[in-house]
Amino acid sequence: MYGIEIREKLNKHLTKNAILRIDYVPISDTEVDSINGKLAKELLLNGMNFSNMKQTFMRNIDIQMNDPSIQDFNEFINVKEKSRVKSYQYYKVDEDSNIEMILTFNRQFCSIDVNQDIRYYNYEIYRDIFLKLLEILKEQELIINRFSIKKFNEFFLKKDVPIDLYVKDKYFNLDCSDLLASSESFISEKRYTFLKNIYNVNLITHSSIGKLDDVIVKRIAFDIDVYIADLQDLKKLFQEDNEEYINRLNNELFCVYVHILNEKMISLLDRSSCIEDGNIVLGVERNENT
């Protein structure tokens with residue numbers, strides 16, 4: 001089983017989306033506006049290179065997460081609050097105006113959503129933005145009830161290539177493998193929820209067959225959400241060693257990530273290997289500046 005010790009050996013990735021998010025006991029709209037004034041100064045004026053900000057309204061369904069541990073809490077919020085939630089969103093865009101990163105702040109949560117398909121950002125870049133946010137939120141004495149890192153990964157294989165060459169098939173729902181072999185359209189998912197020390201993990205794996213640019217391919221995807229929900233432990237986000245605290249959560253996610261992969265995929269992601277593989281149609285990309 002691989003661990004974080006191999007991270008430095010890898011210079012390619014499968015990650016299409018990464019999200020850091022904290023949820024807290026809801027605050028008032030007045031507090032939201034006051035905090036947002038400080039966020040705007042940090043993100044737009046102090047060298048963080050976010051290009052613009054807009055006020056929007058989010059539906060409750062967009063705020064919720066598929067997480068059994070906070071389901072009752074969100075249901076309580078939805079009963080008491082029928083209206084949409086006022087939110088502020090900040091954007092990093094590339095030269096073609098494609099959105100690379102969105103920061104969302106409202107009365108219930110704050111998140112950084114990174115589109116790795118547009119540009120690959122090293123983890124340390126969006127972590128450091130998050131640390132700046134924590135400096136501002138710390139002054140407000142918020143009660144945090146969840147902190148999470150979530151990453152979505154995806155790649156495409158030629159139709160006839162077995163997926164267990166690249167990922168461990170026991171984590172994917174292939175009970176209908178006979179149909180999968182003969183079909184031109186197939187979708188299957190498998191879900192896991194487990195606890196490791198203080199770390200909760202939601203893992204969703206996906207396998208399917210369909211068309212990509214008129215070519216029939218296999219799509220392999222897995223969504224990893226690692227989070228902390230212990231109220232006492234979450235206080236460490238406002239302490240001096242919060243950078244290491246966040247790093248440990250990211251390390252747990254990385255360990256799940258590499259554990260899903262087979263040796264052939266890990267070897268392909270290694271910096272000593274070229275990126276070409278005749279079985280892979282799309283999905284393996286180089287990290288930034290490698």
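Of the protein's 290 residues, 50% count as buried (buried: under 20% relative accessible area; exposed: over 50%; partly exposed: in between; 1.4 Å probe, protein chains only). The model is predicted, with local features needing pLDDT of at least 70 and side-chain atom pairs counted only at pLDDT 80 or more, while totals for chains, interfaces and linings use all residues. Residues are numbered from 1 along each chain as its sequence is written, and side-chain values use heavy atoms, without hydrogens and water.

The protein holds eight helices and twelve strands (DSSP runs numbered from the N terminus; helices H or I, at least four residues; strands E, at least two). Among contacts between residues at least 6 apart in sequence, 71% join residues at least 24 apart (contact: heavy atoms within 4.5 Å).

In the largest nonpolar core, there are 72 residues (a core is a set of buried Ala, Val, Leu, Ile, Met, Phe, Trp, Tyr and Cys residues joined through side-chain atoms within 4.5 Å). Ile22, Phe105, Phe147, Ile246 and Met265 touch the most other members. Leaving aside residues up to four places away in sequence, Ile246 touches Leu20, Tyr123, Arg127, Phe130, Leu131, Leu134, Phe147, Ile149 and Leu237. In soluble globular proteins, nonpolar side chains tend to be buried together.

Six aromatic pairs were counted (rings of Phe, Tyr and Trp, the latter by its six-membered ring, with centres within 6.5 Å; planes under 30 degrees apart are stacked, over 60 edge-to-face, the rest tilted). Tyr123 and Tyr126 form an edge-to-face pair, 5.9 Å centre to centre with 85 degrees between the planes. The two are separated by about one helical turn because they lie three residues apart in helix α4 (residues 123-138). Both Tyr123 and Tyr126 are buried. Phe155 and Tyr166 also pair edge-to-face, at 6.3 Å centre to centre and 65 degrees between the planes. This pair links distant parts of the chain, eleven residues apart: Phe155 sits in strand β7 (residues 144-158), Tyr166 in the loop between β7 and α5 (177-182). Phe155 and Tyr166 are buried. Ring pairs also join Phe222, Phe254 and Tyr257 into a cluster.

The accessible surface comes to about 14,700 Å², 48% of it belonging to carbon and sulfur atoms (Shrake-Rupley method, 1.4 Å probe; for residues, only the protein chains shown count as cover). Val25, Ile143 and Leu231 make a nonpolar surface patch of about 250 Å². Patch residues have over 30% relative accessible area and no salt bridge; like charges are joined within 9 Å, nonpolar side chains (Val, Leu, Ile, Met, Phe, Trp, Tyr) within 5 Å. A salt bridge is a side-chain nitrogen of Lys or Arg within 4 Å of a carboxyl oxygen of Asp or Glu. Leu231 belongs to helix α6 (residues 231-234). Leu231 is partly exposed, at 47% relative accessible area.
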